[in-house]
Amino acid sequence: MTELFYTWQGEDLVLNLLVTAGAKMNQIGKVKGTQLKIAIATQPEKGKATAFLIGYLAELFKVPKQSVELISGEFIPSKKIKIHQPKHIPSFIQKPI
């Protein structure tokens with residue numbers, strides 16, 4: 001069985017991300033190993049990119065920003081993020097059975 005870049009913990013979704021800040025546009029990329037690549041158009045300065053990423057994921061999963069929790073990786077490209085009870089599931093993620 002191949003490892004996924006996400007896991008479900010009950011109704012919460014945990015994502016393993018590889019974030020590239022300073023991109024030309026915001027974009028969901030391909031899976032690399034056990035991480036999903038995401039490009040964001042904000043510079044990596046003093047946590048601004050992480051804050052922007054949280055807002056971007058909140059929009060993508062249709063939840064308030066408070067429902068997007070950074071578990072690890074505040075100042076590094078590899079991040080683990082928990083989405084509490086996502087209201088929308090993008091096509092690149094399968095819902096739990």
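**Figure 1. Gln-85 in the segment after β6.** In this predicted model, Gln-85 is placed in the segment that follows strand β6. Its phi is near 45°, a positive value in a residue other than glycine. Gln-85 counts as partly exposed because its relative accessibility is 41%, a value that lies between the limits of 20% for buried and 50% for exposed residues.

Figure 2. Lys-46 belongs to the loop that joins β4 to α1. Although Lys-46 is not a glycine, its phi is positive, at about 50°. With a relative accessibility of 85%, Lys-46 counts as exposed. Thr-42 is also found in the loop between β4 and α1. Thr-42 counts as buried, because its relative accessibility is 18% and the limit for a buried residue is under 20%. When residues up to four places away in sequence are not counted, Thr-42 touches Ala-21, Gly-22, Lys-48, Ala-49 and Phe-52.

**Figure 3. Helix α1 and the residue that follows it.** Helix α1 consists of 14 residues, numbered 48–61.

**Figure 4. The buried residues of α1 and the strands they pack against.** The buried residues of the helix are Ala-49, Thr-50, Leu-53, Ile-54, Gly-55, Tyr-56, Leu-57, Ala-58 and Phe-61. Against which strands do the buried residues of α1 pack? Their partners are β2 (12–21), β3 (27–32), β4 (35–40), β5 (68–72) and β6 (78–83).

**Figure 5. The largest nonpolar core and the contacts of Leu-57.** In soluble globular proteins, nonpolar side chains tend to be buried together. The largest nonpolar core of this model contains 22 residues, of which Leu-15, Leu-17, Leu-57 and Ile-83 touch the most other members. At least two residues of this core come from each of β2, β4, α1 and β6. The greatest contribution is that of α1, which gives 7 residues. Leu-57, one of the buried residues of α1, touches Leu-17, Ile-38, Val-68, Ile-81 and Ile-83, with residues up to four places away in sequence left out of the count.

Notes. Residues numbered from 1 in each chain as written. Predicted model: local features only at pLDDT ≥ 70, side-chain atom pairs only at ≥ 80, totals over all residues. Heavy atoms only, no water. Helix = DSSP H or I, 4+ residues; strand = E, 2+ residues; numbered from the N terminus. Expected span 1.5 Å × (residues − 1). Buried < 20%, exposed > 50% of the residue type's maximum accessible area, 1.4 Å probe, protein only. Contact = heavy atoms within 4.5 Å. Core = buried A, V, L, I, M, F, W, Y, C linked by side-chain atoms within 4.5 Å.
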